[in-house]
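Good morning. I will take a few minutes to go through one structure, and you can follow along on the screen.

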Amino acid sequence: MSDHDHDHDESSRFSDVELRVKALASLLVEKGLVNPETLDKLIDTFETRLGPRNGARVVARAWVDPAYRQRLREDASAAIAELGYSGMQGEHMVVVENTPQVHNVVVCTLCSCYPWPVLGLPPVWYKSNAYRSRVVIDPRGVLEEFGLELSRDIEVKVWDSTSEVRYLVLPERPAGTQGMSEEELAALVTRDSMIGTAKL
Amino acid sequence: MNGVHDMGGMHGFGPVEREEHEPVFHYRWEARTFALRQACGALGKWNIDMARHANERMPPERYLPATYYERWLSGLQRLLLESGLLTPSEVASGESERPAPTGLVAFPPEKVDAAVLTGRNYRVDAPVPAGFAVGAQVIARNINPAGATRLPRYVRGKHGIVDRDHGVFVFPDANAAGLGPKPQHLYSVRFAARELWGADAAPKDCVCLDLWEDYLDPA
């Protein structure tokens, strides 16, 4: 049972952790091992610069440009870098394409590996015991909880991110979007569709 | 290690709970823990495989109910102590008892952008021959190392097919133990759901994992 209200119980649960982190940070700063401005810069980068809007642009570009889609197949890291996205936890990218016959979904059962440059940091559910344990053994049950029911004729492929290779799902382009600009198409792409827990 | 972190296929954790429009960090201490982990990692006293293994070594009865960043904090503390950067009494008191080792420089803020945009290269430029061709039938080895491994228990002893050769990569089991990169081929291997979970699994479904040469035998 989770409780996302910041009520007394939850804040006192973490007050000890808060103190530990504060003490650890000031100890490391005092020793000259950590620069507090570096901490601020890192936090700002991950709160504002990286996020699913990046991946959405990759998806939209692939939808409108078949040559780009082919480059994604041949060397996803290089193709994604063309749009300016690269680096930490996305050095070795593979794009897996959804088709009418195949639905892809990504997990890291062992920890929380996730393609940061294109999706930012993962949501809590992706890192949860429930998702990590269940999606490899019961992907259809998990997808149903997300509101996605797939016919038995479709192949569900679960990608367990056990290495430094990072996976991005290329969702199918929704019907009725002909004539939309690349920017309009990117606005349709959700984070969950690029993890594989949603279709568009 | 056969830790509780290796949870693929476990039952009992309940439904996947989701929060609409959740923030990147729910608390400032989470953001600080994340940033401390990155900044300390940049000191070069451990590698990413050692860092993951430090999280895995949290006692299981504490790991399971812990939130994600509580796990990171625990791992970070373990790394700082084991690397000798901090002593147990310093961590307990929050007060420095001796100067930091010489030659260590705090990672500067002006290098953050480049570090985040560049990352690290886990590929190794070494002429290691591939043991398996694409399409090869393989069996994941039944190994149970006490140290770090990226071979989940649910796949050990199971039959799969090599779908892709990613090339030559650092081998995490060796890297985490401080034995160097031991570069070898990394393959994407596909396992039928029925092979992993039995006859009740959906007939068309599969699970694909990235597995190193040392995890595989020919079928």
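First, some housekeeping. This is a predicted model, in which local features need pLDDT of at least 70 and side-chain atom pairs count only at pLDDT 80 or more, while totals for chains, interfaces and linings use all residues. Residues are numbered from 1 along each chain as its sequence is written, and chains are lettered from A and ligands numbered from 1 in the order in which they are written.

Let me start with chain A. Its secondary structure comes to ten helices and four strands. Helices here are DSSP runs of H or I with at least four residues, strands are runs of E with at least two, and both are numbered from the N terminus. Reading from the N terminus, chain A goes α-α-α-α-α-β-β-α-α-α-β-β-α-α. Its C-alpha atoms fill a box of roughly 55 × 40 × 30 Å along the principal axes.

Chain B has eight helices and five strands. The order from its N terminus is α-α-α-α-α-α-β-β-α-β-α-β-β. The C-alpha trace of chain B spans about 60 × 45 × 35 Å along its principal axes.

Next, the domains, whose bounds come from an automatic or database domain assignment. Chain A is divided into domain 1, residues 8-48, and domain 2, residues 51-195. The C-alpha centres of these two domains of chain A lie 31 Å apart. In chain B, domain 1 covers 28-118 and domain 2 covers 137-218. Their centres, taken over C-alpha atoms, are separated by 29 Å.

How many residues of domain 1 of chain B are in contact with domain 2 of chain B? Five, and they meet four residues of domain 2. Contact means that the C-beta atoms of two residues, placed from the backbone, lie within 7 Å. On the domain 1 side, the residues divide into one nonpolar, two polar and two charged. For these classes, Ala, Val, Leu, Ile, Met, Phe, Trp, Tyr, Cys and Pro count as nonpolar, Asp, Glu, Lys and Arg as charged, and the others, Gly among them, as polar.

Now the contact between the chains. It takes 69 residues from chain A and 69 residues from chain B. On the chain A side, α1 (8-30), α2 (36-49), α7 (129-134), α8 (139-145) and β3 (155-160) each supply at least two residues. Of these, α1(A) gives the most, with twelve residues. By class, the chain A side has 31 nonpolar, 20 polar and 18 charged residues.

That brings us to the sheet. Strands of a sheet pair through backbone hydrogen bonds, either parallel or antiparallel. In our terms, two strands pair if DSSP finds at least two bridges between them. Here there is an open sheet of seven strands with mixed pairing, in the order β2(A)-β3(A)-β4(B)-β3(B)-β2(B)-β1(B)-β5(B). Which strands are at the edges? They are β2 (102-107) of chain A and β5 (216-218) of chain B, each pairing on one side only. From one strand to the next, the twist averages 35°.

Look at the place where the sheet passes from one chain to the other. β3(A) pairs with β4(B), residues 206-212, in the parallel sense over four bridges. There, A:Trp159 has B:Cys208 as its bridge partner. On the other pairing, β3(B), residues 184-192, runs antiparallel to β4(B) over seven bridges. B:Tyr187 stands opposite B:Leu211 in β4(B).

Last, the helices. Two packed helices are described by the angle between their axes and the distance between the axes. The axes are lines fitted to C-alpha atoms, for helices over the stretch in contact, and angles run from 0 to 180 degrees between N-to-C directions.

α2(A) and α1(B), residues 28-41, have axes that come within 9 Å and cross at roughly 115°. That makes α2(A) roughly perpendicular to α1(B), a label for angles of 65 to 115 degrees; under 35 is roughly parallel, over 145 roughly antiparallel, and the rest oblique. Residues of α2(A) in this contact include A:Leu39 and A:Phe46, and those of α1(B) include B:Phe34 and B:Arg32. The contact has nine nonpolar, two polar and one charged residues.

α1(B) also packs against α4(B), residues 68-82, at about 35°, with the axes 10 Å apart. Among the residues making this contact are B:Phe34 of α1(B) and B:Trp72 of α4(B). By class they divide into eight nonpolar, one polar and two charged.
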